[in-house]
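Colleague: Could you walk me through this model and tell me what stands behind each label you use?

Modeller: Gladly; here it is.

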Amino acid sequence: MQVAQHIEAVPDPRLPQFAVSVQPEWIDGNNHMNAAYYLSIVKDPALHVHDLWDYGTAFRQRTGESNFVIGAEIIYLRELLAGSRIVVTARIVEMDNKRLRLLFEIFNSDEKYVAAFVQYLVLHVRLGTPPKAANIPEDLKERLARELARHNEVPMPLGTEKLKSLSSL
């Protein structure tokens, strides 16, 4: 992983991108961003891409269905410091009838390096009491498959092979 830390990296313009800055309250006693905030950084980008894919608020209100994050993995590559400007990219890596695997790359946009990868495993659900796993509706599945095909045009970054695949879960 040391090699990846020294390679200049910039976000691929073919992926959705979101700008964030490291907030002072995210800094820990070691003077870098606390590990807990890596998941916080990708929250808003995740919500935004769900809306872009018509799988967010409007979809939930229209269908009574949604998705839940049922697992998350983080690979830390380099630290982020207070004030660091960040760009987060989002992509669909894999999907089946009920699940999506989403990858978020966290870039330090000033120094041009990848700081971390965050992966979400997402399960489609029919809301209710209790919510129940359900197949992704065909129209949504077709939209997501088109996004997946576009995202597959962008090479997967070095280091992500360590992340779990749907078949390994």
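Modeller: Let me start with a term: a salt bridge is a side-chain nitrogen of Lys or Arg within 4 Å of a carboxyl oxygen of Asp or Glu. The structure holds eleven salt bridges. Please keep in mind that this is a predicted model, where local features need pLDDT of at least 70 and side-chain atom pairs count only at pLDDT 80 or more, while totals for chains, interfaces and linings use all residues. Residues are numbered from 1 along each chain as its sequence is written, and side-chain values use heavy atoms, with hydrogens and water left out.

Colleague: What makes Arg126 and Glu65 a salt bridge?

Modeller: Their side chains meet at 3.4 Å, N to O, and the limit is 4 Å, so the pair qualifies. Arg126 is in strand β5 and Glu65 in strand β2, 61 residues apart, so this pair links distant parts of the chain. Strands here are DSSP runs of E with at least two residues, and helices are runs of H or I with at least four, numbered from the N terminus.

Colleague: What does the salt bridge between Arg85 and Asp110 tie together?

Modeller: The closest N and O atoms of Arg85 and Asp110 are 2.7 Å apart. Arg85 lies in strand β3 and Asp110 in the loop between β4 and β5, so parts 25 residues apart in sequence are tied together. Both partners count as partly exposed, Arg85 at 46% and Asp110 at 39%.

Colleague: Where do Arg143 and Asp139 lie?

Modeller: Both are in helix α4 (residues 138-152), four residues apart, about one turn of the helix. An α-helix has 3.6 residues a turn, so residues three or four places apart point the same way. The side chains of Arg143 and Asp139 meet in a salt bridge at 3.7 Å, N to O. Salt bridges that share partners join Asp54, Arg62, Asp139 and Arg143 into one network.

Colleague: How many aromatic pairs are there?

Modeller: There are four. Rings of Phe, Tyr and Trp (its six-membered ring) pair if their centres lie within 6.5 Å; planes under 30 degrees apart count as stacked, over 60 as edge-to-face and the rest as tilted.

Colleague: Why is the pair of Tyr38 and Tyr76 called edge-to-face?

Modeller: The ring centres of Tyr38 and Tyr76 are 4.9 Å apart and the planes stand at 90°, so the pair is edge-to-face. Tyr38 lies in helix α2 and Tyr76 in strand β2, so parts 38 residues apart in sequence are tied together. Tyr38 is buried at 4%, whereas Tyr76 is partly exposed at 41%.

Colleague: What makes Phe104 and Tyr120 an aromatic pair?

Modeller: Their rings are 5.2 Å centre to centre, with 70° between the planes, so this pair is edge-to-face too. Phe104 is in strand β4 and Tyr120 in strand β5. Phe104 is buried at 1%, and Tyr120 is buried at 11%.

Colleague: How do you know that the charged end of Arg78 sits over the ring of Tyr113?

Modeller: The rule asks for NZ of Lys or CZ of Arg within 6 Å of the ring centre and within 35 degrees of the ring normal. The charged end of Arg78 is 3.8 Å from the centre of the Tyr113 ring, and it sits over that ring.

Methods. Buried means under 20% relative accessible area, exposed over 50%, partly exposed in between (1.4 Å probe, protein chains only).
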